[in-house]
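Subject: Structure for you to look at

Hello,

Here is the structure I promised to hand over. Please open it next to this message and read the notes with the chain in view.

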Amino acid sequence: MKYNKEPADRSKACKAQGAYLRVHFKNTRETAFAIKGLSLRRAQRYLKNVVGHKECVPFRRFTGCIGRTAQAKAHNWTQGRWPEKSARIILDLLQNAESNAELQGLDPETLVVDHIAVNEAPKLRRRTYRAHGRITPYMSCPCHVQLILAAKPEQVAKAEGGNRKKKESGKLKAGASAGALESQ
């Protein structure tokens, strides 16, 4: 499967993906966006806390009938849940990506979740039996997940000789007129 995004520096990044995963798309999408930008260790700790109901996943897009919880305040949000199955699936993908990183010779302590995408997979069809002899669909909503871990960009120290004069802009200062500037 083709990745949605390629890493900027392939030598300092590793990938992992799962296709046709039997886990709800909406829950997995919210869980994935909660760990985007976190370091690998923090993301793993966060997902373990979600499984243990110590931290919640904020639901920002798919918010219909989502209850409010005080744990969502940590994310500046009000609605949240604890999607355990999604958290376990993404935790397994992070572990897979960590193994790939070690195989490439990268240090797992310096990796961050640079990219994570969740796409809908084809729905799986079943049926359920209703009153008066009717049959209605009973579908599951699986998903594809792909993630890229990249090494943290190194912090560059600010140059010492940074005392340059500011350029004066061509804009008028408060209270000055165009004629006063021309006479100078």
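This is a predicted model: local features need pLDDT of at least 70, side-chain atom pairs count only at pLDDT 80 or more; totals for chains, interfaces and linings use all residues.

The whole chain

The chain has four helices and seven strands. Read from the N terminus, the order is β-α-α-β-β-α-β-β-β-β-α. There are 184 residues, and 35% of them count as buried.

Helix 1 and its cover

Start with helix 1, residues 25–35. Helix 1 is mostly covered, with nine of its eleven residues buried. The buried set is Phe25, Asn27, Thr28, Arg29, Glu30, Thr31, Ala32, Ala34 and Ile35. What lies over them? The cover includes helix 2, strand 2 (57–58), helix 3 (84–104), strand 4 (111–120) and strand 7 (143–151). Just past the end of helix 1 sits Gly37, which has a positive phi of about 90 degrees.

Helix 1 against helix 2

Helix 2 spans residues 40–51. Its axis and that of helix 1 come within 10 Å, and they cross at roughly 140 degrees. Helix 1 is therefore oblique to helix 2. The crossing of helix 1 past helix 2 is right-handed. On the helix 1 side, the contact uses Thr31, Ala34 and Ile35. On the helix 2 side, Ala43, Tyr46 and Leu47 take part. By type, the residues of this contact are five nonpolar, one polar and no charged.

Helix 2 against helix 3

Now turn to the other pair. The axes of helix 2 and helix 3 come within 9 Å and cross at roughly 155 degrees. Angles over 145 degrees count as roughly antiparallel, so helix 2 is roughly antiparallel to helix 3. Here the crossing is left-handed. Helix 2 brings Leu40, Arg41, Ala43, Gln44, Leu47, Lys48, Val50 and Val51 to the contact. Helix 3 meets them with Glu84, Ala87, Arg88, Ile90, Leu91, Leu94, Gln95 and Glu98. These residues divide into nine nonpolar, two polar and five charged. Note that Ala43 and Leu47 of helix 2 are listed in the contact with helix 1 and also in the contact with helix 3.

Ala8 belongs to the segment before strand 1 (13–21). Is Ala8 buried or exposed? Its relative accessibility is 89%, so Ala8 counts as exposed. Ala8 and Ala150 are 142 residues apart along the chain, yet their C-alpha atoms are separated by 8.8 Å.

Ser140 is in the loop between strand 6 (135–137) and strand 7. Its relative accessibility is 12%, and the cut-off for buried is under 20%. Ser140 therefore counts as buried. Which residues does Ser140 contact, leaving aside its neighbours within four places in sequence? They are Arg22, Lys123 and Leu124.

Best wishes

Technical notes: Residues are numbered from 1 along each chain as its sequence is written. Side-chain values use heavy atoms; hydrogens and water are left out. Axes are lines fitted to C-alpha atoms, for helices over the stretch in contact, and angles run from 0 to 180 degrees between N-to-C directions. Helices (H or I, at least four residues) and strands (E, at least two) are DSSP runs, numbered from the N terminus. Angles under 35 degrees count as roughly parallel, over 145 as roughly antiparallel, 65 to 115 as roughly perpendicular and the rest as oblique. A crossing is left-handed if the near helix is turned anticlockwise from the far one by less than a right angle, and right-handed if clockwise. Contact means heavy atoms within 4.5 Å. Ala, Val, Leu, Ile, Met, Phe, Trp, Tyr, Cys and Pro count as nonpolar, Asp, Glu, Lys and Arg as charged, and the others, Gly among them, as polar. Buried means under 20% relative accessible area, exposed over 50%, partly exposed in between (1.4 Å probe, protein chains only).
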